Amino acid sequence: MREGKLRVRCSRCKSGAITVDADPRCWEDVLEPHRISGHCEQTNCKDGPVGWAEFYFKCCEHTSKGEADQAVPLYLIRANVRDVPCLACSDVSEPVLIFPCEANHVTCLDCFRQYCVTRLRDRQFVCDEKFGYTLPCPAGCPDSLIAECHHFKLLTKDQYEMYQRFGTEEYVLKAGGLLCPQPGCGAGILADPDCQKIQCINGCGFVFCRNCLQGYHLGECNPLDQVVENTGQGYSIDPSRAAFARWDEASKVTIKVMTKPCPKCRTATERDGGCMHMVCTRCSFHWCWVCQTEWTRDCMGAHWFG
């Protein structure tokens with residue numbers, strides 16, 4: 001978080017040679033368009049000299065690189081001139097974050113970070129169509145979502161990267177997509193809703209079944225092992241994390257990464273060089289290592305040796 005400086009320009013020609021008719025009196029005057037009129041001094045400004053002022057910010061701590069070099073205002077963070085205590089720890093801090101709810105609840109920045117981290121780890125952020133991946137006021141106030149996502153830059157670098165990753169995953173899932181189930185990948189995939197055979201094209205290349213998220217196979221899916229979602233003691237468990245927290249899961253992950261299942265009997269098969277034509281040692285099924293389906297002449301012509 002850095003100090004910023006307010007600048008103004010013509011909303012039409014983007015020239016800084018403009019005289020405003022009034023000073024901004026609130027954040028709405030600065031953030032919303034067509035709030036304050038002005039007189040543009042640029043002779044070639046279209047639609048005449050009278051127009052609207054457009055406000056923007058620049059960083060105070062580095063040399064400006066031109067009109068396009070702008071900073072995002074964290075307008076919910078303000079000086080605590082009224083000495084309002086934090087709604088979480090009751091301390092009077094400086095500066096504070098004011099939530100955009102009707103009550104304008106106040107929190108110190110440390111408690112805001114803790115609030116974000118707690119909700120982030122439990123994946124309890126709100127995926128809103130207008131504001132994106134965000135949070136409401138912790139007091140439960142309606143219409144209190146944080147509109148500017150750059151406020152979450154107050155988190156550490158690793159925490160903010162987690163926020164971005166979770167937000168992307170939520171968007172993919174909300175759009176009807178899938179996440180690659182291969183350990184260490186997790187790439188988002190937007191596939192045809194009727195397609196059962198999914199391939200992680202821009203990621204690890206894993207081919208899997210849309211229904212069971214296991215390696216692609218022929219026939220019906222096998223039921224997966226069920227993971228306990230809640231201990232009943234008020235301790236929330238993420239099923240996907242619990243699946244990898246088993247004592248013998250490390251060896252299972254290695255097997256899953258290094259092998260592919262036979263599409264017919266699902267026997268784990270490891271390829272150690274040679275061509276892509278695989279013959280299952282258990283059921284003698286001939287299949288393609290790339291397509292994970294029955295071996296055909298198309299496979300022979302397209303990628304027999306990779």
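1. Two strands pair if DSSP finds at least two bridges between them. Keep that in mind for the strands below. The model is predicted.

2. Start with strand β3 (residues 37–40). Three bridges join β3 to β4, and the two run antiparallel. Histidine 39 is one place to look: valine 50 of β4 stands opposite this residue.

3. Strand β1 (residues 4–10) also joins β4. Here there are seven bridges, and the strands again run antiparallel. Arginine 9 has glutamate 54 of β4 as its bridge partner.

4. Is β4 itself largely enclosed or open? Strand β4 covers residues 50–59, and seven of its 10 residues are buried, so the rest of the structure largely encloses this strand.

5. Now aspartate 21. This residue sits in the loop between β2 (18–20) and α1 (27–31). Aspartate 21 counts as exposed because its relative accessibility is 55%, and the cut-off for exposed is over 50%.

6. Aspartate 21 still has partners. Leaving aside residues up to four places away in sequence, aspartate 21 touches Ile36, Ser37 and Gly38. With serine 37 there is a side-chain to side-chain polar contact of 2.5 Å. Histidine 39 is 18 residues from aspartate 21 along the chain, yet their C-alpha atoms are separated by 7.6 Å.

7. A second sheet deserves a look. Three strands make up an open sheet, ordered β5-β6-β7, with antiparallel pairing. β5 (77–78) and β7 (106–108) are the edge strands, each pairing on one side only. Two bridges link β5 to β6 (residues 96–98) in the antiparallel sense. Isoleucine 77 faces leucine 97 of β6 as its opposite residue.

8. What lies across this sheet? Helix α2 (residues 109–121) lies across β5, β6 and β7. The helix runs at about 90° to β7.

9. Check arginine 210 with care. This residue lies in the loop between β13 (207–209) and α4 (239–244). Arginine 210 is buried but has no salt bridge. Aspartate 192 is the nearest side chain of opposite charge, 6.5 Å away.

10. What does the arginine 210 side chain reach instead? Its reach includes the backbone oxygen of aspartate 192, at 3.0 Å. The backbone oxygen of cysteine 195 is reached too, at 3.3 Å. Beyond four places in sequence, the residues touched by arginine 210 include Gly176, Leu178, Pro193 and Ile198.

Note on methods: Residues numbered from 1 in each chain as written. Predicted model: local features only at pLDDT ≥ 70, side-chain atom pairs only at ≥ 80, totals over all residues. Heavy atoms only, no water. Helix = DSSP H or I, 4+ residues; strand = E, 2+ residues; numbered from the N terminus. Buried < 20%, exposed > 50% of the residue type's maximum accessible area, 1.4 Å probe, protein only. Lys, Arg positive; Asp, Glu negative; His and termini not counted. Salt bridge = Lys/Arg side-chain N within 4 Å of Asp/Glu carboxyl O. Polar contact = N/O pair within 3.5 Å; in protein donor to acceptor, adjacent residues only side chain to side chain. Contact = heavy atoms within 4.5 Å. Axes fitted to C-alpha atoms, helices over the stretch in contact; angles between N-to-C directions.
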